[in-house]
Amino acid sequence: MNRTPLFPAAASGAHPAPPPGIGPVTVPVPAAVRFRAACPDCRGRFELAAAALRLAIGATSRTTFYTFTCPECGASVRKPAGERIIELLTGGGVRTLRLHTAL
């Protein structure tokens, strides 16, 4: 069976290009990524940029949450983050803090 390379061929006499997927891969995140959020204090609904959110991942569901400051009333909001929320926030470029337990 003939194998066709999925990457461009190198110029004659040069080494072939490495196949894609070798090494770390950086996924670009558009600057316009916005997340819908709501404030439990003032009941305001709004969209926040990734820079306005923080995600903390702990050992349990009680210690895994995301935080933001309500742009309407200024309240500090902390909400639990399940697996899907973690996926969306990390994929959208939200800064993440991993919490470790002391030994």
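1. Helices (H or I, at least four residues) and strands (E, at least two) are DSSP runs, numbered from the N terminus.

2. A word on the source. This is a predicted model: local features need pLDDT of at least 70, side-chain atom pairs count only at pLDDT 80 or more, and totals for chains, interfaces and linings use all residues. Residues are numbered from 1 along each chain as its sequence is written, and side-chain values use heavy atoms, leaving out hydrogens and water.

3. Four strands form an open sheet, ordered 5-4-3-6, with mixed pairing (two strands pair if DSSP finds at least two bridges between them). Strand 5 (76-80) and strand 6 (95-98) are the edges; each has a single partner strand, so one side of each has no neighbour in the sheet. Neighbouring strands are turned by 20° against each other on average, direction ignored.

4. Strand 4 and strand 5 pair in the antiparallel sense, over five bridges. F68 has V77 in strand 5 as its bridge partner.

5. Look at L53 next. Beyond its neighbours within four places in sequence, L53 is in contact with F35, L48, Y66, T67, F68, L89, V94 and R95.

6. R43 is in the loop between strand 1 and strand 2. R43 has a positive phi of about 60°, yet is not a glycine. At 72% relative accessibility, R43 is exposed (over 50%; 1.4 Å probe, protein chains only).

How values were computed. Contact means heavy atoms within 4.5 Å. Buried means under 20% relative accessible area, exposed over 50%, partly exposed in between (1.4 Å probe, protein chains only). Axes are lines fitted to C-alpha atoms, for helices over the stretch in contact, and angles run from 0 to 180 degrees between N-to-C directions.
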